Amino acid sequence: MLRNISLSTILTLTLAAALSAFPANAQPSSDDRGAILSELGKANDSVLSDDFIGALDAIWAAQEMLWNKAPLGVRNVAFVTEQPENFGTYQPKAGEDFKSPEPLILYCEPVGFTQVKEGETYKYSIIGAFDILDAEGRVLGGQKNLGPYEQSGYRTFSTETMLVLTIGIHGLPAGSYTMRVTLTDNLDQSKSVQLDKPFNIVD
């Protein structure tokens, strides 16, 4: 068994919005589709009349509807050289080789998580877990029920959230492994996503 695993996690939220693609496996109702297309139509009309701020407002409204219909997912998964200070400022690590005592630092951007609006502000809550698997797929160790990682009181619907897992592994022999991360939406536990990230320990 893998021993002496230490873990620190940071989940930070920024308040700017960015356009997200609508996943093909989400199934909105006809009314939902109509509302989304209506906002996109407003954006089109605004562009034709050179009202680009109005177009952005319509796109952001459509984006929030799309987000609420999407499953939980992750974007931009990468091992990084250091913990980034802000969303999107990560520096990818070259390759997948680690040499003790170098920690694994995994960056990812959750999308589609539930954001509940209470009055004028939103909140979210995410639970994390990870396992370390050997080359044969056997679980050597890990940790469950990390968090919940929560944010509340923000007034702008957020599409820019980063999750950084920093894992120090001691005594792991040289070889090939997989870091398996599971994220679960704590406000809608039917939403969950799993990601696998291979890595190597070298002498």
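**Surface, salt bridges and backbone of a predicted model**

Ile53, Leu56 and Trp60 make a nonpolar surface patch of about 290 Å². Patches are made of residues with over 30% relative accessible area and no salt bridge; like charges are joined within 9 Å, and nonpolar side chains (Val, Leu, Ile, Met, Phe, Trp, Tyr) within 5 Å. Accessible areas come from the Shrake-Rupley method with a 1.4 Å probe, and for residues only the protein chains shown count as cover. Trp60 sits in helix α2, which spans residues 52-69. Its relative accessible area is 37%, so Trp60 is partly exposed. Here, buried means under 20% relative accessible area, exposed means over 50%, and partly exposed lies in between (1.4 Å probe, protein chains only).

The model is predicted: local features need pLDDT of at least 70, side-chain atom pairs count only at pLDDT 80 or more, and totals for chains, interfaces and linings use all residues. Residues are numbered from 1 along each chain as its sequence is written, and side-chain values use heavy atoms, with hydrogens and water left out.

The protein chain holds 2 helices and 10 strands. Helices (H or I, at least four residues) and strands (E, at least two) are DSSP runs, numbered from the N terminus. Read from the N terminus, the order of elements is β-α-α-β-β-β-β-β-β-β-β-β. Of the 203 residues in the protein chain, 41% are buried. The accessible surface of the protein chain is about 10800 Å². Carbon and sulfur atoms account for 49% of that surface. Contact means heavy atoms within 4.5 Å. Among contacts between residues at least 6 apart in sequence, 72% join residues at least 24 apart.

Charged side chains come next. A salt bridge is a side-chain nitrogen of Lys or Arg within 4 Å of a carboxyl oxygen of Asp or Glu. By this rule there are 9 salt bridges. One of them joins the side chains of Lys69 and Asp32, at 2.8 Å from N to O. This pair links distant parts of the chain: Lys69 is in helix α2, Asp32 is in helix α1 (residues 30-48), and the two are 37 residues apart. Lys69 is partly exposed, with a relative accessible area of 35%. Asp32 also counts as partly exposed, at 23%.

Glu109 and Arg75 form another salt bridge, at 3.9 Å from N to O. Arg75 is partly exposed, with a relative accessible area of 48%. Glu109 has a relative accessible area of 4%, so this residue is buried. Strand β4, where Glu109 lies, covers residues 104-111. The side chain of Glu109 also makes a polar contact of 2.8 Å with the side chain of Asn76. A polar contact is a pair of N or O atoms within 3.5 Å; within protein, one must be able to donate a hydrogen and the other to accept it, and residues adjacent in sequence count only if both atoms are side-chain atoms. Leaving out residues up to four places away in sequence, Glu109 touches Gly73, Val74, Arg75, Asn76, Phe87, Gly88, Tyr90 and Thr161.

Glu118 and Lys123 are joined by a salt bridge of 3.4 Å, N to O. Glu118 is partly exposed at 47%, and Lys123 is partly exposed at 29%. Asp134, Glu136 and Arg138 are linked in a network of salt bridges.

Strand β7 (residues 139-154) contains Glu150. Glu150 has 53% relative accessibility and therefore counts as exposed. Its side chain makes a polar contact of 3.0 Å with that of Ser125. Beyond neighbours within four places in sequence, Glu150 is in contact with Tyr124, Ser125 and Asn186. The C-alpha atoms of Glu150 and Ile127 are 8.9 Å apart, while the residues are 23 places apart along the chain.

Most residues other than glycine have a negative phi, and most peptide bonds are trans. The bond from Gly147 to Pro148 is cis, with omega near 5°. Pro148 lies in strand β7. A cis peptide bond also joins Ser100 and Pro101, with omega about 10°. Pro101 is in the loop between β3 (97-98) and β4. Asn145, in strand β7, has a positive phi near 50°. Asn145 is exposed, with a relative accessible area of 64%. Asp50 has a positive phi near 65° and lies in the loop between α1 and α2. At 57% relative accessibility, Asp50 is exposed.
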